[in-house]
Amino acid sequence: MRTILQKVVCLFVLFTLAVSCGERKMTSEELFEQCASGVVLIMNEYYYTIHLPGGGNLYFSDLDGEDMVGLTADQSEIMANRNMLFGTGFFVSEDGKIMTNRHVAAPQIDPAEVKKSYRSLIQAIRTVVEYRQLELSNQYNQLSVQIQNSTYYDFYGYAHTDYSAVSQLTAQQQELSRQFGELEELKENLSMDVSELKIESVCELGIAYNNTYVASEKDFKGCVVTKVSEKDDIDLALIQLKDKKTPATAHVFTLPGQSKKEEGLWEKVKRVFGNDEKERKITVNEPLYMIGYNAGIQLASISQGIKAQLTSGNVSQESDGVRLLYTIPTLGGSSGSPVVDEYGNLVAVNFAKVSNTQNFNFGIVAQQAANFMK
């Protein structure tokens, strides 16, 4: 009995030591070496489609004030003039799932602004149409005067008509009437009611791996959007490789509550019975590191291929459970970057900066990312 009790006590002591032993802090070089292979550069080529109530579509690439940039009814034309943006993502599963920001994977546009622009466009077109109709009416009246002048009276009061000229002038009037009618029909079809307009973004996504060469758009590996957060304050999205295979050499980031790929028995015991990392409180002034592609392809591309960058800072405000504020500097392209602590644990997904500064930025906390995954 004593022997069994001694073994239980011994196992309890070992368990306690295993649970209490924290993970080893890593240097920034070690963090980058461990994590960079799982961080990808995202390219998104996109445009917007307006589905018209009466059928048919219009396409545009962006809004510039109240103007729809590149507005066209020709889809092949907008395909050749799509918008392009770059962002960052990171692997969160073995089946090719990559987490990033919603505004990277599926850039949205304010429907109210588009409808306002469309209404202004319709009004402008109606104005042009009405001006053209006025021109056609004036031309028609001028032809009527010429037809009257095609008949004259001689000295004895007999009327003489140039029937050939009258025939030509009448044919021109008929053509003007036809054009006027087409414009009138167009004006009637240009409804100012925008309530039924539907606007959607059309995206083509690709990713490139750290430490690889990218010479053109064809070097980006195809992805699709699989999930987009519907919560305004959770700027997250999941995209997935079309072949659903995370490269064997790529680091897969672990979200709170998930088991790590290389997790052993003691790690499982610590995760289940010990202090789960999702419960770990991030403290003010704690050092953090971000791995991403600041400024997109512009900074990433060097003579040795594309390279991710590691930047660092500190927690500057206690988290509200959704956002985390830190002093890591960012640029366009940093959106969707993983933010990790000194142990390599994911603590946030970078998504926004404080206006007019590069040194205060926000991340969605890792627990919210885990909730989004579920």
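**Cores and aromatic contacts**

Phe-90 and Phe-253 are both buried. They belong to a predicted model, and they are among the members of its largest nonpolar core that touch the most other members.

**Nonpolar cores**
- The largest nonpolar core has 35 residues, and those touching the most other members are Phe-90, Met-99, Leu-236, Phe-253, Tyr-293 and Ile-306.
- At least two residues of this core come from each of α2 (28-35), β1 (39-51), β12 (287-292), β18, β19 and α9.
- The most is given by α9, which supplies four residues.
- Leaving aside residues up to four places away in sequence, Phe-253 touches Cys-35, Gly-38, Val-39, Phe-90, Phe-91, Val-92, Gln-258, Pro-338, Val-340 and Leu-346.

**Helix α9**
- Helix α9 spans residues 366-373, and its residues Ala-366, Gln-368, Ala-369, Ala-370 and Phe-372 are buried.
- The strands that the buried residues of α9 pack against are β6 (97-100), β10 (221-228), β11 (237-241), β18 (346-353) and β19 (361-365).

**Aromatic pairs**
- Seven aromatic pairs are found in a search of the whole structure.
- The pair of Phe-90 and Phe-253 is edge-to-face, because the ring planes stand at 65°, with the centres 5.1 Å apart.
- Phe-90 is in strand β5 (residues 83-91) and Phe-253 in the loop between β11 and α7 (265-273), so this pair ties together parts 163 residues apart in sequence.
- Phe-91 and Tyr-209 form a stacked pair, at 6.3 Å centre to centre and with 20° between the planes.
- Phe-91 lies in β5 and Tyr-209 in strand β9 (residues 198-209), so the pair ties together parts that are 118 residues apart in sequence.
- Phe-91 has a relative accessible area of 0% and is therefore buried, whereas Tyr-209, at 21% relative accessibility, counts as partly exposed.
- Tyr-46, Tyr-48 and Phe-60 are linked into a cluster by ring pairs.

**Charges over rings**
- Phe-372, one of the buried residues of α9, has Lys-227 over its face, 4.8 Å from the ring centre.
- Over the ring of Phe-362 sits the charged end of Arg-323, at 3.9 Å from the ring centre.

Note on methods: Residues are numbered from 1 along each chain as its sequence is written. This is a predicted model: local features need pLDDT of at least 70, side-chain atom pairs count only at pLDDT 80 or more; totals for chains, interfaces and linings use all residues. Side-chain values use heavy atoms; hydrogens and water are left out. Buried means under 20% relative accessible area, exposed over 50%, partly exposed in between (1.4 Å probe, protein chains only). Contact means heavy atoms within 4.5 Å. A nonpolar core is a set of buried Ala, Val, Leu, Ile, Met, Phe, Trp, Tyr and Cys residues joined through side-chain atoms within 4.5 Å. Rings of Phe, Tyr and Trp (its six-membered ring) pair if their centres lie within 6.5 Å; planes under 30 degrees apart count as stacked, over 60 as edge-to-face and the rest as tilted. A charge sits over a ring if NZ of Lys or CZ of Arg is within 6 Å of the ring centre and within 35 degrees of the ring normal.
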